[in-house]
Amino acid sequence: MTCLPARTERKLGLVIDLDTCVGCQACVTACKEWNTGGHMAPLTDIDPYGGHADGVWFNRVHSYEYTTELGGRTVNFPRSCLHCETPACVTVCPTGASYKRASDGIVLVDESKCIGCKLCSWACPYGAREFDADVGVMKKCTLCVDRIYNDNLAEEDRVPACVAACPTSARHFGDLGDPDSAISQLVEERGGVALMPELGYKPTNRYLPPRARSERAARVDAPALEPIKAEGGFLGWIDRMLSN
Amino acid sequence: MHPAFSVVFFTTATGAGYGLLALLGALGGVGFIPADFWLGFVGMALALGLIVAGLLSSTGHLGRPERAWRAFSQWRSSWLSREGVASVATFIPAVLFGIGWVFLGKSGGWVAAAGSLAAAGAVVTVCTTGMIYASLKPVAQWHSRYTLPAYLIFAAMTGSVLANALLQGFELGSAEMLAWALLATLAGWVWKLATWRYNDRLEIPTNANTATGLAGGTVRSIEWPHTEENYLLKEMGFRIARKHSAKLRWITQALAFIAPAVLLVIAFALPWPFAAIASVLAAVCQLAGMLVERWLFFAEAKHTVTLYYGR
């Protein structure tokens, strides 16, 4: 059913810290590794070793140069499904393949009903959905629905693969509908923002903006390097030989 | 947006087909267009043929066309599903009208009722097609008050020019029908010019800052997540050079509006069969022009996902 639930019991989602993300792509590869054997498997790759490698990924990390009056900095920006509260990708679906769960707010695709019309990918402003041309259906992030409720995994592993893989703890998982949850507190404390709020999709995921630069660090002025003099003798001869 | 030929052809052909069906249903049912067998047969075959060809073409866009029947289920929320339901539902009165008007040679009574229902169904179906595009917030050029009227005006325009060509071809043309087709063509031209003017001045509140949540300052893409074009860029990152866009706008205006208008004026002045030849040329020329128009409708539309790629 592509009508949206009036409310969801929980709002599971991610909080991504743009201050600490180092752009290592570990979340990207962990996502691909888990999900190509998971709920939406396979994440098909087309021509993976050729000149036009293309494939389905649920999580992509962009890099931006972010320049303000304080100076420029590099910001690494992971982009994946935001599990919106009012996702048009669900309501435009003509077959009922796309749905938003009333229990936890996760947006999913039932592959067996998808006709591959691609309209949901047009309706998503964030580019979260990718079409699998090989299988002929649309695929998207499941918030690792097959991990977070998986009793076969140790309790600490019941988080999305991208969160488990992040070496700098830039990714956090939890209930953003509960104002007392650790993840909601983090958003509150760091001023987390929603992406493209003006479009009215009400994304669940939040991004933590980069912290202001600290002026407290000591400046270390290294002494200027001395000019290199051309040496004579044996060492000079070796230098000339090696320089050729 | 990538201008997939299946969708460009689908929207153009069904628009013309539903426009023609609406005119034949509304005017034929009440006897304004005489119940001539060959005129009716060719007219209804053309209208339904364009609709069926368009609908079949649209399934070519699907990844799993064998499941297309599922698209009739979500009419409560989805304009695409509503389009599917409306298009199929319209066939019922259209076929009844065709039987009564063409094969039984009747008008008025139940034939007029079926004709009116077919016309109403045609209008509703074109509205649902327009709303598929008008409801998409990530594409600012489509999510505007110009999109839905454009689909209706262009369907009425191509349908009227086709109906006029048909009547002229069977030597049943009238000055009223010619005038109506000319008026519709001029209305289409004005609407397209107004739409382009609006789109060229569009100031979109969504930008790289709001897309990344990085407020203030400038956000410049320095590295993509992938080296090759992916689905997002192929489907939604289509770009058209400005000089090509300008040239194609002129081609659209010449083929879809100016040449048909001139040919229709010529048809006023000339006797049959020259008026018929001019009228048929106007219809063929306009349909070719509308294919270019629809191609541009996609090619000039910019999706917000391109902001992430610095495009």
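The structure is a predicted model, with an ipTM of 0.94 and a pTM of 0.91. Chain B has an average pLDDT of 95, and 100% of its residues score at least 70.

**Where the two chains meet**

- Start with the contact between the chains: 49 residues of chain A are in contact with 45 residues of chain B.
- On chain A's side, the elements that give two or more residues are β4 (60-68), β5 (71-79), α2 (88-91), α3 (119-123) and β8 (130-132).
- The largest share of that side comes from β4(A), which gives 9 residues.
- Sorted by class, the side of chain A that touches chain B has 28 nonpolar, 13 polar and 8 charged residues.

**A strand pair across the chains**

- Strands of a sheet pair through backbone hydrogen bonds, and they can do this in a parallel or an antiparallel way.
- Have a look at β4(A) again: this strand pairs with β1 of chain B (residues 218-223) in the antiparallel sense, over 5 bridges.
- To find one spot in this pairing, look for T67(A), which stands opposite T218(B) in β1(B).

**A sheet within chain A**

- Chain A also has an open sheet of 3 strands, in the order β10-β1-β11, with mixed pairing.
- Its edge strands are β10 (171-175) and β11 (206-208) of chain A, each of which pairs on one side only.
- On average, neighbouring strands of this sheet are turned by 25 degrees against each other, direction ignored.
- Strand β1 of chain A (residues 12-17) runs parallel to β11(A), and 3 bridges join the two.
- Within that pair, D17(A) has L208(A) in β11(A) as its bridge partner.
- Helix α6 of chain A (residues 182-190) lies across β1, β10 and β11 of chain A, and runs at about 120 degrees to β10(A).

**Two helices packed in chain B**

- Now turn to chain B, where helix α4 (residues 109-134) packs with helix α5 (residues 147-169) at an angle of about 145 degrees.
- The axes of α4(B) and α5(B) are 8 Å apart, and the crossing of the two helices is right-handed.
- From α4(B), the residues that meet α5(B) include V126(B), C127(B), M131(B) and Y133(B).
- On the α5(B) side, T147(B), L148(B), Y151(B), L152(B) and A155(B) take part.
- By class, this contact between α4(B) and α5(B) has 9 nonpolar residues, 3 polar ones and no charged ones.

Note on methods. Residues are numbered from 1 along each chain as its sequence is written. Chains are lettered from A and ligands numbered from 1 in the order in which they are written. This is a predicted model: local features need pLDDT of at least 70, side-chain atom pairs count only at pLDDT 80 or more; totals for chains, interfaces and linings use all residues. pLDDT is the predictor's confidence in each residue, from 0 to 100. Two residues are in contact if their C-beta atoms, placed from the backbone, lie within 7 Å. Helices (H or I, at least four residues) and strands (E, at least two) are DSSP runs, numbered from the N terminus. Ala, Val, Leu, Ile, Met, Phe, Trp, Tyr, Cys and Pro count as nonpolar, Asp, Glu, Lys and Arg as charged, and the others, Gly among them, as polar. Two strands pair if DSSP finds at least two bridges between them. Axes are lines fitted to C-alpha atoms, for helices over the stretch in contact, and angles run from 0 to 180 degrees between N-to-C directions. A crossing is left-handed if the near helix is turned anticlockwise from the far one by less than a right angle, and right-handed if clockwise.
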